Amino acid sequence: MSATESIPTRELAERAKAITQRELQVYIARTKGSQAATERAREVLPLGVPSSFQAYDPHPIVVRRAQDGWMEDVDGNRYVDFDMGYGALFSGHCHPAVRRAVETQLDNGTLFVTPCEMNTEVAWLLRDRYNLPMWRFTNSGTEATMDAIRVARGVTGREKIVKVEGGYHGHHDEVMISMKPPISEAGPADNPRAIPSTAGITRAVLGDTGVIPYNNLAALDRALAGRDVACFIVEPIMENIGICKPLPGYLEGVREITRKYGTMLIFDEVKTGITAGWGGATGVVGVQPDLVALAKSIGGGLPLGAFGGTSECMDQITAGKVLHLGTYNGNPLCMAAAKAVLTEICTPAATDEAIARNRMLLDACDGIIAAAGLPAHTVQFGAKGCVTWAPEPIQNYRDYKATDFDLAFAQWMHGINRGILLPPGLDEQWLISVVHTDHDALRYADVFGEFVAELTA
Ligand SMILES: Cc1ncc(COP(=O)(O)O)c(C=O)c1O
């Protein structure tokens, strides 16, 4: 099928549904062990999973082991892992340098709850990458964004925060608002309503969180004009609706407007941090926030988060005005892993190499899409990439909701049965880690090519 004879979108969606139906049966037949494990799990774990985003129908794959760039499920099926823990494993699974560092640390103790010298070393490593002077450690991205918001409230003396519609910043109350709101309830695109994403959010919290569209400076200006907003928290490049990039000048405008109204700018780099480039998205876009939240890949597979800020912000903690606490903060095992990640594994050269390998994969996918004339395109940000089932790049959550989920789901289902593991949420993206090979990366393109051939036959 060539670009000139492209198939109508409705017809493609019908074909995609047929592929999904067939592949679902294949999936059920080849994952009997995962099904049995999930049934046992459901007796003691809601949805049979430790975190709700791990659940999907009819059951998730249950994993026995993982190394480098692959995982194996309890049925013995092997997958090239493009999910990499939702982007948490830029170092790959169980990198030898992480293992060495953790094993050495095990000989010296797992938890001190009093400082260790590695706290300072790792803070310097982050300081060098993000150009922010002071850092603290947490155990997750959720804690990192929660603490960064508290610091912003401390320094401004203001209560309200503003976030972007469709943005995910972890599972604390203030940001579990308008994560993926139903469009029917979400109000006008340029002035969205704040919708709680879970039960348990109080009216007070809801009232303190404003929601605006991404890539819309006028909406940001309106939201901050009352000079009562402590912070604007945003992923500089949104990575929870595929990959959604800022329009030219957007982030510069965000910086200008937040400064104008005395609002702290928090870049949530839990996903983009170190995978976007050596200095994270902050380094790539060249816009300096007041606070940065990190997690996922900095821990090399261990649970670590961090937030860094300007002296003005972090002095809140020094002065004892904002309390930042946590028994496991900066624990030596995670510090040892992070030090290995930041010095030995995710070096500038290794990072650039993974990004180039990702480009090669994206080029291969671009060729397949163009040859078939599909209403799809690829997006790259650093070592991450995705196929978005829409003809034009998306600019915000509303655009994302208009993409073709039937096609996206059929591709996901087709891939998993052929050993291509992508994150189950269609809002995610792949990660080419520093240990994926050319062969691994191109396996995705081969299977994608098979899918497209069937879709367009
Ligand atoms: C952008 C972003 N911020 C924060 C978080 C929360 O991180 P964690 O799951 O480590 O709490 C996530 C998790 O996916 C994320 O994608």
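**Close-up 1. Cavities in the predicted model, with the largest one in focus.** This is a predicted model, and two cavities of 30 Å³ or more turn up in it. The largest cavity has a volume of about 300 Å³. Its lining takes in 23 residues, and those nearest the centre are Cys386, Val387, Ala408, Leu426 and Glu428. Two elements, β12 (384-388) and α15 (405-416), each give two or more residues to this lining. Helix α15 gives the most, with four residues. Sorted by type, the lining of the largest cavity has 15 nonpolar, six polar and two charged residues.

**Close-up 2. The second largest pocket, with α5, β4 and α11 in its lining.** Here we've moved on to a pocket with a volume of about 540 Å³. Have a look at Asn119, Trp135, Arg136, Phe137 and Gly330: of the 27 lining residues, these are the closest to the pocket's centre. The elements that give two or more residues to the lining are α5 (117-130), β4 and α11. Of the elements, α5 gives the most, with five residues. The lining of the second largest pocket splits into 15 nonpolar, 10 polar and two charged residues.

**Close-up 3. An open sheet of seven strands with mixed pairing.** Reading across the sheet, the order goes β4-β10-β9-β8-β7-β5-β6. Strands β4 (134-138) and β6 (209-212) sit at the edges with a single partner strand each, so one side of each has no neighbour in the sheet. On average, neighbouring strands are turned by 20° against each other, direction ignored. Helix α11 (residues 311-318) lies across β4, β8, β9 (291-294) and β10 (305-309), and α11 runs at about 115° to β10.

**Close-up 4. Strands β7 and β8, paired in the parallel sense.** Zooming in on the sheet, we get to β7 (residues 229-234) alongside β8 (residues 264-268). Four bridges link this pair. To find your way around, pick out Phe232, which stands opposite Leu265 in β8.

**Close-up 5. A salt bridge between Glu103 and Arg99.** The model holds 24 salt bridges in total, and here's one of them, with the side chains of Glu103 and Arg99 meeting at 3.7 Å, N to O. Both residues belong to helix α4 (residues 96-106), and they're about one helical turn apart because four residues separate their positions in that helix.

Notes:
Residues numbered from 1 in each chain as written. Predicted model: local features only at pLDDT ≥ 70, side-chain atom pairs only at ≥ 80, totals over all residues. Heavy atoms only, no water. Pairing = 2+ DSSP bridges. Axes fitted to C-alpha atoms, helices over the stretch in contact; angles between N-to-C directions. Contact = heavy atoms within 4.5 Å. 1 Å grid on protein atoms, 1.4 Å probe; cavity = no way out; pocket = protein on both sides within 12 Å on 5 of 7 lines; lining within 4 Å. Points joined across faces, edges and corners; volume = space filled by probe spheres on them. Nonpolar A, V, L, I, M, F, W, Y, C, P; charged D, E, K, R; others polar. Salt bridge = Lys/Arg side-chain N within 4 Å of Asp/Glu carboxyl O.
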